[in-house]
Amino acid sequence: MKNFEGKTAFITGGASGIGFGMAQALRGEGMNVVIADISAENMADARDQVGNDDAVAFVTVDVTDRRSVADAATQTAQAFGDVHVLCNNAGIAGGGAVADPGFDDWDRAMAVNLGGAVNVVKTFVPLIRAHQSGGHVVNTSSAAGLTALPDEGGAYSTAKFAIRGLSESLRLSMAPEGIGVSCLCPGLTRTRILDAPAREDGDGKAMAAEGDPEALFNTMEGAMDPIEVGYAVVRGIRDNAPYILTHGEFYDEMKTLFGEILEAFPTDQAVPATRAAFEKGRRDMCDGLRHLPAVD
Ligand SMILES: NC(=O)c1ccc[n+]([C@@H]2O[C@H](COP(=O)([O-])OP(=O)(O)OC[C@H]3O[C@@H](n4cnc5c(N)ncnc54)[C@H](O)[C@@H]3O)[C@@H](O)[C@H]2O)c1
């Protein structure tokens with residue numbers, strides 16, 4: 001999507017941090033922006049920062065509650081009509097380690113970080129498809145969705161890896177309709193995520209480890225300004241980038257990790273012809289979808 005002017009963006013977790021950075025950057029491109037968030041406090045703060053602007057609307061939403069998401073879609077249509085850009089960004093730290101007993105923290109983290117994205121995609125993407133004039137979906141994963149965090153970061157990485165699968169599948173599915181999809185994987189960014197209650201039991205530390213181990217002790221020092229992530233998102237939408245990667249410090253690690261995956265393949269295997277043909281058919285289909293242009 002290359003033309004932003006006068007179109008509408010709906011951003012979950014839009015009242016703080018990366019979501020607010022996206023809201024500012026997309027508003028700067030002339031879009032109407034719906035800031036959708038669960039936190040009254042963050043909403044009040046965002047309102048103060050936005051000031052008087054008829055092109056920005058504030059909608060209270062809990063992404064874990066499907067009725068609340070449907071209400072948010074109705075309010076968005078009433079405010080601005082069709083939605084073209086959907087930013088699935090609401091997220092929380094915490095959730096605990098994969099091997100921890102007990103499910104409460106895990107379920108809450110999954111409900112927000114993964115279930116929330118599913119609820120919003122399933123509510124809004126049909127609306128984007130219906131107006132048939134293209135659009136773009138940005139799903140916020142994390143660098144912790146590229147390289148897994150151990151221990152307390154287990155639930156977070158599990159959800160963030162899943163956001164990549166959701167994004168890649170949605171991207172292939174929407175390509176024939178000219179709707180782009182990007183997966184955003186930021187590293188350490190200066191936001192409120194570690195201020196959330198989940199941090200009190202130490203979960204925030206695992207988040208901090210996404211960037212720099214030193215940051216465990218001073219979590220947000222040197223973290224990226226969220227507006228920079230917002231500008232990267234604008235460029236990513238314009239280019240219909242499959243991945244929006246903002247933090248260069250992960251490059252070497254990714255090279256090693258993806259190299260390890262490649263090296264794990266048996267390259268001298270005699271693949272049965274029928275199996276090879278099956279996968280060739282699948283690959284040709286996906287490659288075709290990967291090269292379809294998005295609608296401007
Ligand atoms: N800050 C980082 O270093 C970092 C790095 C990688 C990825 N991320 C991801 O970026 C996204 C935004 O986080 P942030 O760092 O800007 O944090 P933040 O806490 O500043 O903003 C997140 C916003 O989401 C809202 N939210 C939480 N639960 C919600 C719910 N159920 N329904 C609606 N809104 C809800 C919060 O109220 C908050 O305003 C998250 O998905 C996070 O996982 C953050």
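1. A definition to start with: two strands pair if DSSP finds at least two bridges between them. Helices (H or I, at least four residues) and strands (E, at least two) are DSSP runs, numbered from the N terminus. This is a predicted model, where local features need pLDDT of at least 70, side-chain atom pairs count only at pLDDT 80 or more, and totals for chains, interfaces and linings use all residues. Residue numbers start from 1 along each chain as its sequence is written.

2. Seven strands form an open sheet in the order 3-2-1-4-5-6-7, with parallel pairing. Strand 3 and strand 7 (243–245) are the edge strands, each pairing on one side only. Direction ignored, neighbouring strands are turned by 20 degrees against each other on average.

3. Strand 2 (residues 32–37) and strand 3 (residues 56–60) run parallel and are joined by five bridges. Among the bridge partners, V34 goes with A57 of strand 3, and A36 goes with V59 of strand 3. Helix 2 packs on the sheet, touching strand 2 and strand 3, and its direction makes about 175 degrees with that of strand 3. Contact here means that C-beta atoms, placed from the backbone, lie within 7 Å.

4. Helix 4 (residues 104–131) and helix 5 (residues 154–174) pack at an angle of about 15 degrees, with axes 9 Å apart. That makes helix 4 roughly parallel to helix 5, a label for angles under 35 degrees. Axes are lines fitted to C-alpha atoms, for helices over the stretch in contact, and angles run from 0 to 180 degrees between N-to-C directions.

5. Which residues in helix 4 meet helix 5? They are W106, A109, M110, N113, L114, A117, V118 and V121, and they meet A155, Y156, A159, K160, A162, I163, L166 and L170 in helix 5. By class, this contact has 14 nonpolar, one polar and one charged residues; Ala, Val, Leu, Ile, Met, Phe, Trp, Tyr, Cys and Pro count as nonpolar, Asp, Glu, Lys and Arg as charged, and the others, Gly among them, as polar.

6. Helix 3 is the other partner to check. The axes of helix 3 (residues 66–80) and helix 4 come within 9 Å and cross at roughly 30 degrees. That makes helix 3 roughly parallel to helix 4. R66, V69, A70 and A73 of helix 3 make the contact with N119, V120, T123, F124 and L127 of helix 4. Here the classes are six nonpolar, two polar and one charged residues.

Note on methods. Angles under 35 degrees count as roughly parallel, over 145 as roughly antiparallel, 65 to 115 as roughly perpendicular and the rest as oblique. Two residues are in contact if their C-beta atoms, placed from the backbone, lie within 7 Å.
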